[in-house]
Each structure stands twice: as C-alpha cells, then as structure tokens.
Amino acid sequence: MAARRFGAGLLLVAAAGCGDEAEVTTPPAPAPAVATFPAASAGGVCGLLDYGAIEEVLGTRFDVAAASAHKDTATCVVQANGAPHPDLMLSVTETAADAATFTSEIAPDGAKTVKGLGKAAYRTARTAAGKTGPTAEVGWLTGDKRLITLRYTCVRDEPKATAEELSVKLVELAKAVERAEA
C-alpha cells in the first residue's frame, strides 16, 4: 500500500508540470531601505557641508558624515557608505597666523596661490601614498583668524592628474563653505 501512495505522488507531481499553466514566479524582495541624513546631522563643522552641493561641484556622491573636535581643531569627513575612498575632509583650526605667515609657512611647497578666497589661500595636488590615492587640497586663512582646509582623497588607482583637476573644483566648494561659515 505504501508503494501505491508513492506512485500516486509521482503521478501528481508529473501532472502538475504539464499543460499550458502560467509559470509562477516570486518577485525579488525589495532592497532594504538605507536612510541618508544630511551631513549637518553629524554636528560640528559638518554643518558647513551639503551632499548635494558637493556632488554638484565635484561630481562625487557622499552619504555618510562624521564630525570630530580636538583642542582648537574641528573636523568633518564625508564618504560614500561602505567605501573608504574617495572621501572629503574639512578641518577648521583657530590660528594666530597672518596672511604673510600663512603664505610662507603654512601653504605647502609648490602649492598654487588662490585669489578671492579668504585673506590668503592655496590649492595643491599630491600623488598617491601608502594605501590612499592622490589628494587634492585647498587651504585658506579666514578674516577671523581660522585656517580652513578641504582635502579630497581619491581612490588608490586614480592618476595625480585627477587630483589636480579636483583641486580646481575644490576652490569653488571652498568658496561655498566660506559663505556658509560667515
């Protein structure tokens, strides 16, 4: 009798696959929702950065921000969720430097002078080092004696020329930060 039931089960399974019935498919489960909060929600100087403005100027979409402060320096880093690079770092430090000191002692060797940004400003690009890619940087001295730096770190395999192009774009973003900071 057990053999008869087994045989009947096979017959039902075989019959279920025959005919012109529509194939039943299960739609894929929706991807989990990922909440994106404005950079300003990280607090501190992250309030000076806006993901949309960054993407518009630099062409890179960031969606995670972290703020930190130590002594006289406040920092914000933005990244794309789950990726260590590229990233964009903003730092703001109180300083006693004047424009001449900034230009001669703070601006890196070989940096290009930037006009129309703070009391004095520079932009530079550096080659990849260690596990990071090349970097683009803009630094400036504000009228209220603060040193502000924006540094974009590229993915490791990007050429230095990409960082050089980004340093020009960072000047535009720096001007937006300066307006937001004022």
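Which helix and which strand each supply at least two residues of the lining of the largest pocket?

**View 1. The largest pocket and the residues that line it.**
This is a predicted model, in which local features need pLDDT of at least 70 and side-chain atom pairs count only at pLDDT 80 or more, while totals for chains, interfaces and linings use all residues. Residues are numbered from 1 along each chain as its sequence is written, and side-chain values use heavy atoms, with hydrogens and water left out. The two elements asked about are helix α3 (99-106) and strand β5 (120-126), and β5 gives the largest share of the lining, three residues. Helices (H or I, at least four residues) and strands (E, at least two) are DSSP runs, numbered from the N terminus. The pocket (an open set of points on a 1 Å grid over the protein atoms alone, where a 1.4 Å probe fits and protein lies on both sides within 12 Å along at least five of seven lines) has lining residues with an atom within 4 Å of a point. Its space comes to about 150 Å³. Phe-102, Thr-103, Ala-107, Pro-108 and Ala-111 belong to the lining, together with Thr-113, Val-114, Ala-120, Ala-121 and Tyr-122.

**View 2. Thr-101 in helix α3 and Ala-120 across from it in sequence.**
Thr-101 belongs to helix α3, and with a relative accessibility of 28% it is counted as partly exposed. For this legend and those that follow, buried means under 20% relative accessible area, exposed over 50%, and partly exposed in between (1.4 Å probe, protein chains only). Between the C-alpha atoms of Thr-101 and Ala-120 there are 9.7 Å, although the two residues are 19 residues apart along the chain. Ala-120 is also one of the residues that line the largest pocket.

**View 3. The disulfide of Cys-46 and Cys-76.**
How many disulfides does the chain have? The count comes to one, when a disulfide is taken as a pair of cysteine sulfur atoms within 2.5 Å. Cys-46 and Cys-76 are the partners, with 2.0 Å from S to S, and their link is right-handed, with 100 degrees about the S-S bond. Cys-46 lies in the loop between α1 (2-16) and α2 (51-58), whereas Cys-76 lies in strand β2 (residues 73-79), so the pair ties together parts that are 30 residues apart in sequence. Both Cys-46 and Cys-76 are buried. Cys-154 is another buried cysteine, with a relative accessible area of 2%.

**View 4. The open sheet of seven strands.**
The chain holds four helices and seven strands, and from the N terminus on its elements follow the order α-α-β-β-β-α-β-β-β-β-α. In the sheet, however, the strands stand in the order β1-β2-β3-β7-β6-β5-β4, and the pairing is antiparallel; two strands pair if DSSP finds at least two bridges between them. The edge strands are β1 and β4 (112-113), each of which pairs on one side only. Buried residues make up 32% of the 182 residues in the chain.

**View 5. The hairpin of strands β1 and β2.**
Strand β1 (residues 64-70) runs antiparallel to β2, and seven bridges join the two. Lys-71 has a phi near 55 degrees, which is a positive value in a residue other than glycine. Is Lys-71 buried or exposed? Lys-71 is exposed, with a relative accessible area of 78%.

**View 6. Two further backbone details, at Lys-145 and at Pro-86.**
Most residues other than glycine have a negative phi, and most peptide bonds are trans. Lys-145, in the loop between β6 (135-141) and β7 (146-153), has a positive phi near 60 degrees. With a relative accessibility of 38%, Lys-145 counts as partly exposed. Which residues are joined by a cis peptide bond? His-85 and Pro-86 are joined in this way, with omega at about 5 degrees, and Pro-86 sits in the loop between β2 and β3 (87-94).

Methods: Points joined across faces, edges and corners; volume = space filled by probe spheres on them.
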